[in-house]
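Me: I am new to this structure. Please take me through it in short steps.

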Amino acid sequence: MTDFDPATFANVGPKEFAQLVKSTPDDKIAQVMSGDLRGKILAEVFGRMPSLFRADRAGSTNAVIHWVITGRPDGGSDTYEVVIADGTCVVNETPQHDPKLSLTMGPVEFLKIVSGGANPVMMFMTGKLKAKGDLGLAANIANLFDIPKA
């Protein structure tokens, strides 16, 4: 499994996906994420978020988080909304609420974060990830999800 595409991705679990991202060169990920498959890959990743959410770790966390992934083929970005409330996690493909936190990053950085292959705090410090709003929530967000490790 060396080909990074949604057909492969849709048929693998989170750990296999993490391994796929880790073993794929950044330039290949960037190429795939700037093409026709981008929407399918993002939909698949965000579609898995509710099942990876750890309500036991969230406690009383209630937050709206906007994930802004830059680098769309048309020069724009995709924004997904993650709503954490009352021990649940819901994902909206179109933002419907004002965010408590907005995270902006490129597609390669996004896939590395959600596959456990990058440290979000280090990415923030080096400017590869931009956070606006509740920085405490930003620092803790990885703990709210069962992120696979490759």
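Me: Which residue of strand 2 does His66 stand opposite?
Reply: This is a predicted model, where local features need pLDDT of at least 70, side-chain atom pairs count only at pLDDT 80 or more, and totals for chains, interfaces and linings use all residues. Residues are numbered from 1 along each chain as its sequence is written, and side-chain values use heavy atoms, with hydrogens and water left out. Strand 1 (residues 63-69) and strand 2 run antiparallel, joined by seven bridges. In strand 2, the residue opposite His66 is Glu81.

Me: What counts as a strand, a helix or a pair here?
Reply: Helices (H or I, at least four residues) and strands (E, at least two) are DSSP runs, numbered from the N terminus. For two strands to pair, DSSP must find between them at least two bridges.

Me: How many residues of strand 2 are buried?
Reply: Buried means under 20% relative accessible area, exposed over 50%, and partly exposed in between (1.4 Å probe, protein chains only). Strand 2 covers residues 78-85 and is mostly covered. Of its eight residues, the number buried is six.

Me: In what order do the strands of the open sheet lie?
Reply: Five strands form the sheet, and the pairing is mixed. The order is 3-2-1-4-5. Each edge strand pairs on one side only: these are strand 3 and strand 5 (129-133). Neighbouring strands are turned against each other, direction ignored, by an average of 20 degrees.

Me: Which residue of strand 4 stands opposite Trp67?
Reply: Strand 1 and strand 4 (residues 101-105) pair in the parallel sense. Five bridges join them. Opposite Trp67 stands Leu103.

Me: At what angle does helix 4 run to strand 2?
Reply: Axes are lines fitted to C-alpha atoms, for helices over the stretch in contact (heavy atoms within 4.5 Å), and angles run from 0 to 180 degrees between N-to-C directions. Helix 4 (residues 38-52) lies across strand 1, strand 2 and strand 3. Its angle to strand 2 is about 5 degrees.

Me: Which residues of helix 6 are buried?
Reply: Helix 6 (residues 107-114) packs on the sheet, touching strand 1, strand 4 and strand 5. It is mostly covered, with six of its eight residues buried. Just after helix 6, Gly116 takes a positive phi of about 75 degrees. The buried ones are Pro107, Val108, Phe110, Leu111, Ile113 and Val114.

Me: Which element gives the largest share of the lining of the largest pocket?
Reply: On a 1 Å grid over the protein atoms alone, a pocket is an open set of points where a 1.4 Å probe fits, with protein on both sides within 12 Å along at least five of seven lines; lining residues have an atom within 4 Å of a point. This pocket is lined by 26 residues, with Trp67, Ile113, Val114, Ile141 and Ile147 nearest its centre. The largest share, four residues, comes from helix 4.

Me: Is Ala142 buried or partly exposed?
Reply: Ala142 lies in the segment after helix 8 (135-140). Its C-alpha is 8.1 Å from that of Pro120, 22 residues apart in sequence. Ala142 has 32% relative accessibility, so it counts as partly exposed.
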